[in-house]
Amino acid sequence: MKYNFDELTKRRGTGCVKWDEAPSPDVIPMWVADMDFAVAPAIQEAIRKRAEHPVFGYTYVQDDYYEAVISWFRRRHHWTINREHILYTTGVVPAMSVAIKALTLPGEKVLILSPDYNCFFSSVKNNGCEVVESVLRMNRNSQNKFEVDWEDFEAKCADEKCTVFLLCNPHNPTGRVWTREELQRMSDICHRYQVRIVSDEIHGELIMPGHQFCPMGTVDESAIALNSPSKSFNIAGLQTANIICTDTATRRRIERVININEVCDLNPFGPVALIAAYNESEDWLDELNQYIWGNYTTLCDFVAKYIPQWKVMPMEGTYLAWVDCSGCCDDMAAYCDRILQGAKVWLNPGTMYGPQSGQGYLRINMACPRSLMMEALNRIKEFINKEV
């Protein structure tokens, strides 16, 4: 490999949410979805060059920003995006809230596939709408793969109060990468009942071998896509994201909400990082995906050998392992807290992603050097053996 993902980078003491929020300095954090890998060299160099200029005033987003976005999605995903369809903002979660605000009235329903990213719940509720969950089914005849319950999905869309479907593509936390056929079926059902699609595609570049990310915009031009290089290139702190919306009237509404909510300005480093990521760091991303896949297969082997009461679900995308621990405990929040206190490893209980649908699961962030992941797994193994 050209890039060294085994290198340990000290993050504690840098004002880092992942590490500095830990309750004690000996905790290994494997919770919030950011990576412990140094960013691609081209991104570091671009930021270094921008930092050499001594003024950090308001940022004007220039042509090369849009060109980088358009070029990336055209060559990587065969998706042609027009410049006028791109609206930038400070992050995918703000973009999500903006889209919901622009597309709904208070009291309307927003459909999600549960378990789902926890901010889906808060974003919908904070905009005065009701979360409606279509719970994913596990297909035990297909390697425990999570699938849409199509009958339930259509029934929820048929509710006249349901006006938006908020999709996580690829899906966090289950790791599904939706196929073109699945996305087409979602689109067909939503169009049948006039339900607008908003697709969070922040994990769209984190794809494992044998799978292919399909942007919803290549299936349904009317869908509103939310994307960012933040997860895939580990630059979430630079707060840059894009909303892709082809419909002029809808885009005008979204842009108005962006300005009303004051999430319309980027910092000086976000655009240069995006340009360096999309224009110069594609090979880094490809190697990253190989390394994450190696972490996943290593984790699966370790769990099968030493923690057989856990079952790791198949991961097609993201860097988040979704683990069935239903045979261990009825209260996953308490179970993860015991692991935190006893093993000093910080994991996410599945109930964060659906109080009912996430029960019995936990989520592990594997985006770290393999030696650190192995230290965490050995701590968990020893702790669980002591508990037994």
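Predicted model: local features only at pLDDT ≥ 70, side-chain atom pairs only at ≥ 80, totals over all residues.
Pro115 lies in the loop between strand S3, which covers residues 109-114, and helix H5. The largest pocket has a volume of about 1000 Å³, while the largest cavity has a volume of about 60 Å³.

**Backbone features in loops**

- The peptide bond that joins Ser114 and Pro115 is cis, with an omega of about 5°.
- A cis peptide bond also runs from Asn169 to Pro170, where omega is near -5°, and Pro170 has its place in the loop between strand S7 (162-168) and helix H7 (180-192).
- Gln194 is not a glycine, and yet its phi is positive, at about 55°; this residue is found in the loop that runs between H7 and strand S8 (196-200).

**Helices H4 and H5**

- Two packed helices are described by the angle between their axes together with the distance between those axes.
- For H4 and H5 the packing angle is about 40° and the axes are 9 Å apart; an angle under 35 degrees would count as roughly parallel, so these two helices are instead oblique to each other.
- The crossing that H4 and H5 make is right-handed.
- On the H4 side the contact is made by Val93, Met96, Ser97 and Ile100, which meet Cys119, Phe120, Ser123 and Val124 on the H5 side.
- Sorted by class, the residues of this contact between H4 and H5 are six nonpolar and two polar, with no charged residue.

**Helices H6 and H7**

- Helix H6, made of residues 150-158, crosses H7 at roughly 30°, and the axes of H6 and H7 come within 9 Å.
- Because angles under 35 degrees count as roughly parallel, H6 is described as roughly parallel to H7.
- H6 passes H7 in a crossing that is right-handed.
- From H6, the residues Trp150, Phe153, Glu154 and Cys157 meet Glu182, Arg185, Met186, Ile189, Cys190 and Arg192 of H7.
- The contact of H6 with H7 holds six nonpolar and four charged residues, and no polar ones.

**Helices H10 and H12**

- Helix H10 spans residues 282-306 and helix H12 spans residues 370-387, and the two pack at an angle of about 20° with their axes 11 Å apart.
- That angle makes H10 roughly parallel to H12, and the crossing of H10 and H12 is right-handed.
- In H10, the contact residues are Tyr291, Gly294, Asn295, Thr298, Leu299, Phe302 and Tyr306, and in H12 they are Arg370, Met373, Met374, Leu377, Asn378 and Lys381.
- These residues of the contact between H10 and H12 divide into seven nonpolar, four polar and two charged.

**The largest pocket**

- The largest pocket, with its volume of about 1000 Å³, is lined by 39 residues, of which Ala33, Asp34, Lys231, Ala236 and Gly237 are the closest to its centre.
- When the lining of the largest pocket is sorted by class, it has 19 nonpolar, 14 polar and six charged residues.

**The largest cavity**

- When the whole structure is searched, one cavity of 30 Å³ or more is found.
- The largest cavity is lined by 13 residues, and those that lie nearest its centre are Phe73, Glu201, Glu205, Ser228 and Tyr278.
- The lining of the largest cavity is made up, by class, of seven nonpolar, four polar and two charged residues.

Technical notes:
Residues numbered from 1 in each chain as written. Heavy atoms only, no water. 1 Å grid on protein atoms, 1.4 Å probe; cavity = no way out; pocket = protein on both sides within 12 Å on 5 of 7 lines; lining within 4 Å. Points joined across faces, edges and corners; volume = space filled by probe spheres on them. Nonpolar A, V, L, I, M, F, W, Y, C, P; charged D, E, K, R; others polar. Axes fitted to C-alpha atoms, helices over the stretch in contact; angles between N-to-C directions. Helix = DSSP H or I, 4+ residues; strand = E, 2+ residues; numbered from the N terminus. Parallel < 35°, antiparallel > 145°, perpendicular 65-115°, else oblique. Left-handed = near helix turned anticlockwise from the far one by under 90°. Contact = heavy atoms within 4.5 Å.
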